[in-house]
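These are my notebook entries on a structure that I had not looked at before.

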Number of protein chains: 2
Amino acid sequence: MITINFNNVLSGRVGQKHGLTRSKLNQVIKKHAHICRQIQKERQVGQLPFMDLPYQSVNAIWKLARQKARRYENFVLLGIGGSALGPIALHRSLNHPFHNVLDRRQRKNWPRLFILDNVDPEEINALFKLIDPKKTIFNVITKSGTTAEPVSCFMLALSILKRKLGARYKNNLIVTTDPKKGFLRRMVEQEKLVSFEVPPGVGGRYSVLSPVGLVPAAFTGIDIKKVLAGAAKMDRLCQRAKPGKNPAYVSSVINFLFDHKKNKNMLVMMPYSSALKDMADWFRQLWAESLGKKYNVKGRKVFTGSTPLKALGVTDQHSQVQLYNEGPNDKLIVFIEPGKYRTKLTIPSLFKNVPEAGFLAGKTFNQLIRAEKKGTEIALTDNQRPNYTIKLPNISPESVGALFYFLELQTAYAGKLYNVNAFDQPGVEAGKIATLKLMGKKM
Amino acid sequence: MITINFNNVLSGRVGQKHGLTRSKLNQVIKKHAHICRQIQKERQVGQLPFMDLPYQSVNAIWKLARQKARRYENFVLLGIGGSALGPIALHRSLNHPFHNVLDRRQRKNWPRLFILDNVDPEEINALFKLIDPKKTIFNVITKSGTTAEPVSCFMLALSILKRKLGARYKNNLIVTTDPKKGFLRRMVEQEKLVSFEVPPGVGGRYSVLSPVGLVPAAFTGIDIKKVLAGAAKMDRLCQRAKPGKNPAYVSSVINFLFDHKKNKNMLVMMPYSSALKDMADWFRQLWAESLGKKYNVKGRKVFTGSTPLKALGVTDQHSQVQLYNEGPNDKLIVFIEPGKYRTKLTIPSLFKNVPEAGFLAGKTFNQLIRAEKKGTEIALTDNQRPNYTIKLPNISPESVGALFYFLELQTAYAGKLYNVNAFDQPGVEAGKIATLKLMGKKM
């Protein structure tokens, strides 16, 4: 299971000014412990449906994917925000790093996955020229059915499908949207399209474990039952633990304290794994949209929320770590480290007499990436830069499912600590309205 | 040419607290104007060789690329930090968005490009299983020849090449390193390998317009002469302009003032173009490593430097803009907008009677992405969030070359304003040493 090592946030490691004493930390953990019960209560009365996603039945998704997926060359997702970031994170962490470059056989006949999460004319045009629409399943994902970006891409896809396939266009379309509301649901009912539901009350950024994330995952061969099993295990662990042992709660307290009491307005997530890079990108939305709020739950202006940054180990050691070590001490750094990589790879025994290279001969890349993480951690700690490490046992459907759930729950707890609504996003409305007006929509 | 609209940093737009008055801005521009002359002077005595890169001859690179590149299926770059970020930014901005997925004919026989900028065993192993080494050119890039990450990947590539090709392995290798120093240069001379030079005094993050960036670009069909021509044009523009009209200088003053006087410790770069996304990633290193410093040039502790963030329009409107609009007012946002996209793409005339979609019918994605940018800009400005827009005429080798040069020069000026050495990176040494010790290197 996931374990977390918080030692490097303590003042014993990073000093009084930038660290927390153990007693202060324990005191705050105790003070807010009611939050854990509060979240459970809200869940029990149905206010936090994202927490129950691990227990949904995925038979319909899995059956459809097994039936259909391998008959298609491409799976194209049309979605933005949570509708794209969750699927991307699942795909990159659990599928082959060069999935779309593999040939059919290497992909075991699973389709290539393309995700259109922008309305860049160059990118959209290039994709539609690249794929054969007849061999492509399009999955349009929008909860409300009113988001201009996926809707405009859907209009293009639908028009091409109908031209190429006539009435059979329905075979190549999956709609993921609200069970009742919106024009896409109406269309699903009128034209009897294949569809899945974004469960009511589950916002985009908490939807990765719903059909939003699970359909594209199943269609590219990911064992979604195991993903949910991992999430369920994390759920039970956090439910049963006392607050001081609940990792999602403790990490939310730490993230909150470093923002509010230690002037760290940035929260860096830095996995030491290329596969987990996009988990950090998904987390960026989760944390930023949930906590970046003008008003608290009592309607008082607070302008709050720390800014999530993504970084990649070891890559960003050669880009960001200079600043992390020597710049203003304004960040809390969260490492993610897999206990095991899915491959062991040896550095060949060359250059034994060359000082610059010989020490690497015969070692493994696994040893190297671990040493780099440890080296970076030591340097940051010596420079009094607080950091902690989330350790996954491995990178597997279970551990990735657990990590998603852990970070979502952590964010829900953080909403209570920040005293904001972690489930709305009023601050995107103004820009949306200005855009729609510029596009000539009657408001 | 590139133009910049700074209106939304002024107090008339974003208020006294978060904006600059025009007179204050002009006063600071005047006060530090000597910096422009100082940079020119340092350049003239050879201290800023990155500034002369636009005028280098690239005939050798271009000739080799034309001779060799199209005989290979893959070009694999082994490098990290600036050795990877510059090449990635060039590739993504100027080549096809799905370059590696295209077939040979669609790629006009240019090779696929893979960039290994991590030592993740899973990723490295997957790549080496994917490619046929005989059909692959490896370009190892490390200035010093001592960077563990590219050296370890190089050891693996070399060992495989020698096993598969014997003495002919040299055909498949290009070494880009220091002209004199390091074991790679010694190896180049002993074994007569094809090589290019990282010019002395040009650090990784300022090397994109050197063979570091130009070799992989030329080998994938990018017109590198035009890239340099664009950079040269930007150089002449900044040289000739008075300080108040020098866009690189003025933007450096603004970036500096918002960090030091307006408590914006984050600098967001947000291009409205998927192709320019990785320019923002390249910039992240340039800005962070250059200015994130513990000591100023006089040896006084300053712990300075603002933190660069990358975001992508419109994608991150559905991830980060909630926080940018409503969270703490701690960011300066820099939009990058192309005046023209390379494609015009129409949204089909469907759903005319559906309010949620009908207003999009018959419009173009070009109109939509522009309206989204404008809408976001309006909302941010209304929320008193300072922002400015760098406008490129288009996305072309010339404009991308100009943008690279502009941002490098801006950073060099910013070094003077922050009073730090913008060309070293002492803060990565401690972590490096700790890593090497853990790997058993004798120090």
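**Entry 1. Helix 5 and helix 12 of chain A.** I looked up how this pair is oriented, and helix 5 of chain A and helix 12 of chain A are roughly antiparallel to each other. For the word I used these cut-offs: angles under 35 degrees count as roughly parallel, over 145 as roughly antiparallel, 65 to 115 as roughly perpendicular and the rest as oblique. The two helices of chain A, with helix 5 spanning residues 82-94, pack at an angle of about 160°, and their axes are 8 Å apart. Axes here are lines fitted to C-alpha atoms, for helices over the stretch in contact, and angles run from 0 to 180 degrees between N-to-C directions. Helices (H or I, at least four residues) and strands (E, at least two) are DSSP runs, numbered from the N terminus.

I noted the crossing of helix 5 of chain A and helix 12 of chain A as left-handed. A crossing is left-handed if the near helix is turned anticlockwise from the far one by less than a right angle, and right-handed if clockwise.

Which residues make the contact? Helix 5 of chain A brings A:Gly82, A:Leu85, A:Gly86, A:Ile88, A:Ala89, A:Arg92 and A:Ser93, and helix 12 of chain A brings A:Lys277, A:Asp278, A:Met279, A:Asp281, A:Trp282 and A:Gln285. Residues are in contact if their C-beta atoms, placed from the backbone, lie within 7 Å. By class, I found five nonpolar, four polar and four charged residues in this contact of helix 5 of chain A with helix 12 of chain A. Ala, Val, Leu, Ile, Met, Phe, Trp, Tyr, Cys and Pro count as nonpolar, Asp, Glu, Lys and Arg as charged, and the others, Gly among them, as polar.

**Entry 2. What kind of model this is.** I wrote down that this is a predicted model, in which local features need pLDDT of at least 70 and side-chain atom pairs count only at pLDDT 80 or more, while totals for chains, interfaces and linings use all residues. Residues are numbered from 1 along each chain as its sequence is written, and chains are lettered from A and ligands numbered from 1 in the order in which they are written.

**Entry 3. Domains of chain A.** I found chain A divided into domain 1 (3-31 + 227-420) and domain 2 (50-222); such bounds come from an automatic or database domain assignment. The centres of domain 1 and domain 2 of chain A, taken over C-alpha atoms, are 30 Å apart. Their contact takes 23 residues from domain 1 of chain A and 22 residues from domain 2 of chain A.

I then asked which helices of chain A each supply at least two residues of the side of domain 1 that touches domain 2. They are helix 10 (224-240), helix 12 (277-291) and helix 16 (397-418) of chain A. Helix 12 of chain A gives the most to this side of domain 1, with nine residues. That side of domain 1 of chain A has 14 nonpolar, three polar and six charged residues.

**Entry 4. The two chains.** I looked up how the copies are related: a rotation of 180° with 0.0 Å of shift along its axis superposes chain A on chain B, with an RMSD of 0.0 Å. That is the relation of a two-fold axis. The superposition is by least squares on the C-alpha atoms of residues with pLDDT of at least 70 in both copies. Of the residues of chain A, A:Val101 comes closest to the rotation axis, at 2.8 Å (C-alpha).

I recorded 105 residues of chain A in contact with 105 residues of chain B. Helix 15 (residues 365-382) of chain A gives the most to the side of chain A that touches chain B, with 13 residues. This side of chain A has 48 nonpolar, 37 polar and 20 charged residues. Why do I say that the copies meet through the same surface? Because 100% of the interface residues of chain A are also interface residues in chain B.

**Entry 5. Backbone details.** I noted that most residues other than glycine have a negative phi, and most peptide bonds are trans. A cis peptide bond joins A:Gly313 and A:Val314, with omega about -5°. A:Val314 sits in the loop between strand 10 (307-310) and helix 13 (321-326) of chain A. A:Asn263 has a positive phi, near 55°, and lies in the loop between helix 11 (247-260) and strand 7 (266-271) of chain A.

Terms used: Contact = placed C-beta atoms within 7 Å.
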